[in-house]
Every structure is written in C-alpha cells, then in structure tokens.
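Here is a short briefing for a first look at this protein. Start with the sequence and the model below.

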Amino acid sequence: MKVLITGGTGVNGAATSRLLVSEGMRPVLMDNRMDLSLIGDIKDKVDLLEGDVTDFQALEKMVADYRITHIAHLAALMPEPAEENPRLAMRVGVDGTLNILEVARAHKISRIVFTSSKAVYGEMVGDFGEPRFLPVTEDHPKRPADLYGVIKVCCEELGQYYWETYGVEFVALRFSTIYGPGKEARHGALSFYGQLIEKTQAGEPWVIPQGGDQRNDAVYVGDVARSIFLALKAENLNRWVFNVGTGRGSTPREFLAVLKSLFPNEPLYDVDRGVRDYVNTIMRLRA
Ligand SMILES: NC(=O)c1ccc[n+]([C@@H]2O[C@H](COP(=O)([O-])OP(=O)(O)OC[C@H]3O[C@@H](n4cnc5c(N)ncnc54)[C@H](O)[C@@H]3O)[C@@H](O)[C@H]2O)c1
C-alpha cells in the first residue's frame with residue numbers, strides 16, 4: 001500500500017502520517033502550505049510535496065511518480081475560513097475532491113478515504129440533542145447548518161456516485177469533534193479542548209464561561225488517525241460511511257477533572273472557580 005495524504009501536514013494529516021510511519025510505511029504528504037511544525041519528528045520518513053488539490057495535472061504526476069495505490073483525502077478549509085471565502089472553500093472542497101476521484105479513476109487507485117464530519121447532520125435537535133443526546137447513526141438525515149457541512153455532503157455524494165458508477169472505492173469517515181496537538185495554533189476558537197490542554201500545560205489560567213455540563217463526543221486525533229488507517233486497509237468493505245467518535249459524550253467538567261489529575265499544581269480554573277474569581281475581581285476593582 002502506497003498512500004498519498006492530501007492536507008498531510010495538518011492536524012489529522014500529521015497524526016495519520018505518524019501512524020503510517022510506525023506501521024512501516026513511507027506515506028507521501030501533499031499540502032499547499034509547507035508548515036512542518038507538526039511533523040518535525042517524521043519529516044525524513046515521509047515524502048513531502050508542495051501542491052494544491054485544485055491542480056489536477058500536479059495530482060496526476062504525484063500519483064504516477066510515487067505509484068500511489070491509496071489516497072487519504074484530508075485537504076479542506078475549516079468552517080470559519082469556508083464561511084469567509086465560500087468560492088475558495090467550494091474550489092478546494094468540491095473541485096479538489098472531484099480531482100481526487102478523477103485521478104483515482106484514471107490511475108486505478110484502490111481506495112479513497114475521505115475525512116467528512118458530523119457537520120453533515122447539522123444541528124442535533126430533539127432526542128439527539130440536550131438533554132438525552134441519543135447516539136446518531138449514519139442514516140440520520142443530512143441537514144447541514146453551515147457551508148462546511150454542505151461541502152462535506154457534496155463530496156460524499158460525489159464519492160458515492162464514483163464508486164457506484166466507476167468502481168472507485170470511496171469511504172467517508174464522519175468525525176465528531178477532534179482534539180489533538182496543533183489544533184489550537186491552526187484552528188483557534190474551534191480548538192476548545194486543545195486550548196484547555198495547552199493553556200493548562202503552559203500554566204495559564206483558563207475559564208469556561210458557560211456549558212461546563214454540555215455533553216459532546218470529543219475524539220483524540222490518534223484515534224482519528226487509526227480510523228483512517230483501518231479504513232484504508234480494511235478488506236471486503238460493504239459500507240461506504242462511518243461515524244467516528246468515542247461513542248460517548250463527555251462534559252468539559254469531566255475533561256477538567258482529568259486535567260487536574262495530570263497537572264495538579266497548575267492554576268486551572270473550572271466553571272465555578274472561574275465565575276467566583278470573576279466576581280471577586282470585579283468587587284476588588286470596585287472597592
Ligand atoms: N478537526 C476536526 O475537528 C475535524 C472534524 C471533522 C472532520 N475534519 C476533517 O479532517 C480533515 C483534516 O482536518 P485538520 O483538522 O487536520 O485540518 P488542518 O487545517 O490542520 O489540515 C488541513 C490541511 O489541508 C491543507 N490544505 C488546505 N487547502 C489545500 C489545498 N487546496 N491543497 C492542498 N492542501 C490544502 C492545509 O494547508 C492544512 O494543512 C479536513 O477534511 C476536515 O474537514 C476535521
């Protein structure tokens with residue numbers, strides 16, 4: 001198996017590359033931004049190619065030069081940049097995915113694994129939201145609530161069409177919220193769990209202003225990498241889409257409890273302490 005990972009130097013790409021390297025492979029990482037900060041430890045054990053998924057000719061050359069057999073297609077714009085630049089988001093997401101499917105068809109690629117998202121489902125309402133949070137299965141209606149989710153739905157449909165029509169194997173993994181190294185630097189506000197961990201590790205106080213008891217399925221990027229690896233190599237696939245998460249909701253308060261056990265001496269604020277400190281500070285300032 002020779003794997004091309006698009007968006008290979010990003011958060012999920014780096015974790016996936018590290019896992020493939022530990023499995024004895026030498027993946028080819030392509031990205032339009034050569035930021036090696038997340039892959040410094042493995043950069044000599046992978047092939048790095050600067051390139052853009054919107055450039056079909058460049059993709060074809062990479063696939064031919066490196067005799068690629070499988071593609072993990074991760075390159076995408078995150079929700080905020082997608083809303084800010086819808087045309088670019090569509091070009092990278094939809095045109096980029098079409099290029100991957102076309103190159104796979106032309107070069108007889110064995111399988112594409114596409115990183116989709118829970119965003120295809122949109123808002124979780126009724127029994128699937130607060131307070132019951134019933135598990136969501138893959139046949140749940142797709143009602144994306146943002147452009148990012150709309151693009152993921154388009155890509156999934158394209159992939160399914162290519163599998164049915166041209167036999168290009170296409171697996172979509174719909175991830176729940178992911179946390180892992182590099183999220184904070186790259187995704188800012190989206191990296192809620194990353195901020196909790198990294199700020200605590202750096203000894204910075206951190207307040208959750210609200211929602212300490214809100215359940216969410218937060219999955220670690222190492223497990224995400226494993227799911228991509230398993231989807232690449234699974235034999236006799238009889239399904240094309242999988243929800244990927246931990247399968248249970250955890251609250252920020254539970255997350256904080258783990259952090260407190262790991263960093264007992266750091267100035268970690270939870271919701272209660274945060275609010276108390278807030279009020280005390282105001283009173284001190286007014287005195
Ligand atoms: N992080 C999450 O919580 C989450 C959840 C669900 C799904 N996903 C999906 O997982 C995939 C990877 O996400 P991530 O968290 O690693 O994001 P990331 O931003 O860290 O990585 C994406 C990478 O794609 C690259 N890229 C963007 N446009 C490109 C282009 N035109 N050509 C080539 N490369 C390009 C970026 O430079 C970046 O390195 C994405 O498809 C994302 O939608 C992420």
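Ten residues, given as 10, of domain 1 are in contact with nine residues of domain 2; contact means that C-beta atoms, placed from the backbone, lie within 7 Å. This is a predicted model, in which local features need pLDDT of at least 70 and side-chain atom pairs count only at pLDDT 80 or more, while totals for chains, interfaces and linings use all residues. Residues are numbered from 1 along each chain as its sequence is written.

**Domains**

- α1 (11-22) and β8 (218-220) each supply at least two residues of the side of domain 1 that touches domain 2. Helices (H or I, at least four residues) and strands (E, at least two) are DSSP runs, numbered from the N terminus.
- α1 gives the most to that side of domain 1, with three residues.
- By class, this side has nine nonpolar, one polar and no charged residues. Ala, Val, Leu, Ile, Met, Phe, Trp, Tyr, Cys and Pro count as nonpolar, Asp, Glu, Lys and Arg as charged, and the others, Gly among them, as polar.
- Domain 1 covers 3-176 + 218-248, and domain 2 covers 180-215 + 251-287. The bounds come from an automatic or database domain assignment.
- The domain centres, taken over C-alpha atoms, are 31 Å apart.

**Core**

- The largest nonpolar core has 66 residues, of which Leu4, Ile112, Val113 and Ile228 touch the most other members. Such a core is a set of buried Ala, Val, Leu, Ile, Met, Phe, Trp, Tyr and Cys residues joined through C-beta atoms within 7 Å.
- Helix α8 (residues 221-233) gives the most to this core, with seven residues.
- Both domain 1 and domain 2 give residues to this core, so it lies between them.
- Ile228 touches Thr16, Ala72, Val113 and Leu173, not counting residues up to four places away in sequence.

**Helix pair**

- α1 and α8 pack at about 65°, with axes 8 Å apart. Axes are lines fitted to C-alpha atoms, for helices over the stretch in contact, and angles run from 0 to 180 degrees between N-to-C directions.
- Residues in this contact include Thr16 and Leu19 of α1, and Ala225 and Ile228 of α8.
- The contact residues divide into nine nonpolar, three polar and one charged.

**Val244**

- Val244 is found in strand β9 (residues 241-244).
- Val244 is buried, with 24 other C-beta atoms within 10 Å; the cut-off for buried is 20 or more.
- Val244 lies 6.3 Å from Leu173, C-alpha to C-alpha, though 71 residues apart in sequence.

Note on methods. Contact = placed C-beta atoms within 7 Å. Buried ≥ 20, exposed ≤ 12 C-beta atoms within 10 Å, placed from the backbone.
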